[in-house]
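Subject: Structure for you to look at

Hello,

Here is the structure I said I would pass on. My notes on what was found in it follow below.

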Amino acid sequence: MKRTLFGVALLLSGLVPAVVAAPFDFTRNPIEESEYYSPHSMGCMLLQECTEGVVEINSVQDLRDYYGEYDVLPAEFQQLLDVLGEIGIKVYIAPERYFLSGTRGVYHTVSNNFYLNDKYMVKKHHLMSVMRHEGWHAAQDCMAGSIDNTFIAVIRDSDDIPQIWKDMAADVYPAGALPWEQEATWAGREEGMTLEVLQACASDTPMWEVIEPTPLTRQFLVDKGYIK
């Protein structure tokens, strides 16, 4: 198991048009302008001490309000928002300045919220990829016993993950994060994959009774007393 504060999705390719959003007011956050684009600014956002420009997303209309307009999104987007809400996870969009360079999204295992970088979410395929990716990290949190702890557990056996996603994750993430990130990278590209595991998390039945855990995850759950 890995004890972590957040799961991060990094930009994998290409540039996107600049976001047209309201001007950023530095005076309403407790950090200096020089501290943005850093772990400090991202931590400030995750702890909800920096809130200027951070907007909760509950629907496509919230995205339209944020950007001025937005493309038609698949039904999966609202389904993800709805099931995350059932679990108790909030989704926010926030200005690029809060994030480390290249970071598209981040899930915080302490608050159980995740944050989307507005620079990249202007493109719907980036939005859906990050929603699925960070949603998968939320499901990993759930599989580790409960979203009320700060552990995350792998959901799929490594042998089940296509090599292309293992290779892609290995190009981006440190080796120690690969068991969690390679399956999240895969889920980010597969329609419905994240939705399925989140629905298992939201059910009244423990997630590991809906989805068979991997041997190591099962041992962790036994060790922590979740499985007798």
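Cys 142 and Cys 201 form a disulfide, with 2.3 Å between their sulfur atoms (a disulfide here is a pair of cysteine sulfur atoms within 2.5 Å). This link joins distant parts of the chain: Cys 142 sits in helix H4 (residues 124-143) and Cys 201 in helix H7 (residues 193-202), 59 residues apart. The angle about the S-S bond is 100 degrees, and the link is right-handed. Both Cys 142 and Cys 201 are buried (under 20% relative accessible area, 1.4 Å probe, protein chains only).

This is a predicted model, in which local features need pLDDT of at least 70 and side-chain atom pairs count only at pLDDT 80 or more, while totals for chains, interfaces and linings use all residues. Residues are numbered from 1 along each chain as its sequence is written, and side-chain values use heavy atoms, leaving out hydrogens and water.

A search of the whole structure gives two disulfides. The other one joins Cys 44 and Cys 50, with sulfur atoms 2.0 Å apart; this link is also right-handed, at 85 degrees about the S-S bond. Cys 44 counts as buried because its relative accessibility is 4%, and Cys 50 is buried at 2%. With the bonded cysteines numbered in sequence order, the pairing is 1-2, 3-4.

As for the whole protein, 51% of its 228 residues count as buried. Of the contacts (heavy atoms within 4.5 Å) between residues at least 6 apart in sequence, 69% join residues at least 24 apart.

Regards

Conventions
Buried < 20%, exposed > 50% of the residue type's maximum accessible area, 1.4 Å probe, protein only. Helix = DSSP H or I, 4+ residues; strand = E, 2+ residues; numbered from the N terminus.
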